[in-house]
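Dear colleague,

Please find the structure below, together with its sequence. My notes on it follow.

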Amino acid sequence: MNAIGDVLAGMVQKSLQNQEPDDYFDNEGFLRCGNCHERKQMDVTLPAVPSIGRDAKTIRVGCLCKCGQEKADAEKADRERREFEQRMDRLRRDGITDPAYLQYTFAQDDQRNPKVSDVCRRYVENWEEMKAQNIGILFYGDVGTGKSFLACAIANALLERLVSVSVTNFPRILNSLQGSFDDERQKRIDRLQHYSLLVIDDLGVERDTSYSVEQVYNVVDTRARSGKPVIITTNLSLKDLENPPSLAYKRIYDRVLEMCPIRLKMVGASRRTANATDRRDAARRILGLTKGQDQ
């Protein structure tokens, strides 16, 4: 048998490799599935090729029956799910600098600020347009009002869509830059620009030194020039941002306001205070303490 004949014979033989014990051949000689009774073989006609002396030839090859296709689809879906979870894990490990940030999702949102929560969800739903127009968000308000929570909820929702996101804060960034040479320092700042979305938590809590102010500006300015969105949270008021204490801070805050046309004020009592009170009351019940004994 010539090489082409060997290939054709192999194709015919391969069509029988998926034969199951309950399968059978119909009166035309096609293998049928013993479960769904659909054919597991089909005829394919190969055109003639005169240049190599090959006449037209019909061969019988394997094909998927209904339940075979369903099994293949399920295996493909399972494979894609595993690959998706692996990519998600890599993205999370690469971009999330504090494991606590991973816990903040829309599923845990208590809807204390429902209008703000709705805006955040719509931001995720319209991410491609937000990214294309380089639209960032500024969350501002008192401590414990949910700024970090909603910023991270957006980040985690986008990670679920395999969008590359980094969530960090200025103290952590400044610590990583401390002691680095100028070239290495800029490389570290530039690496933050690889992410489609950068979330920076707690603007304003960094040390008030000329070095810190300079590096914060460098981070903010580099992000602005990258043309990619940023989400920033701060305990500063909008009035503080619009009326900075010095020219150095004005350069930073002007950039932040420029990059964050969406400005969401968070209001309400501190969740941290409420959580601390709940934990204290629970401890009193467990330990049998009366009010005042643990003062």
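Which residues does aspartate 201 touch, not counting residues up to four places away in sequence? They are Tyr101, Ser148, Thr168, Asn169, Phe170 and Thr233, where contact means heavy atoms within 4.5 Å.

Please note that this is a predicted model, in which local features need pLDDT of at least 70, side-chain atom pairs count only at pLDDT 80 or more, and totals for chains, interfaces and linings use all residues. Residues are numbered from 1 along each chain as its sequence is written, and side-chain values use heavy atoms, with hydrogens and water left out.

Aspartate 201 lies in strand E7 (residues 197–203); strands (E, at least two residues) and helices (H or I, at least four) are DSSP runs, numbered from the N terminus. Aspartate 201 counts as buried because its relative accessibility is 7%; buried means under 20% relative accessible area, exposed over 50%, and partly exposed in between (1.4 Å probe, protein chains only). Its side chain makes polar contacts with the side chains of serine 148, at 2.7 Å, and threonine 233, at 2.3 Å. A polar contact is a pair of N or O atoms within 3.5 Å; within protein, one must be able to donate a hydrogen and the other to accept it, and residues adjacent in sequence count only if both atoms are side-chain atoms.

Aspartate 221 belongs to helix H8 (residues 210–226). With a relative accessibility of 10%, aspartate 221 also counts as buried. The side chains of aspartate 221 and arginine 225 are joined by a polar contact of 2.9 Å.

Packing of H8

H8 packs with helix H10 (residues 247–259) at an angle of about 30 degrees, their axes being 9 Å apart. Axes are lines fitted to C-alpha atoms, for helices over the stretch in contact, and angles run from 0 to 180 degrees between N-to-C directions. H8 is therefore roughly parallel to H10, as angles under 35 degrees count as roughly parallel, over 145 as roughly antiparallel, 65 to 115 as roughly perpendicular and the rest as oblique. On the H8 side, the contact includes Asp221 and Arg225; on the H10 side, Arg251 and Arg255 are among the residues.

Helix H6 (residues 170–177) packs against H8 at about 105 degrees, with the axes 10 Å apart. H6 is therefore roughly perpendicular to H8. Phe170, Ile173, Leu174 and Leu177 of H6 meet residues of H8 including Tyr211, Val216 and Val220. Phe170 is also one of the residues that aspartate 201 touches.
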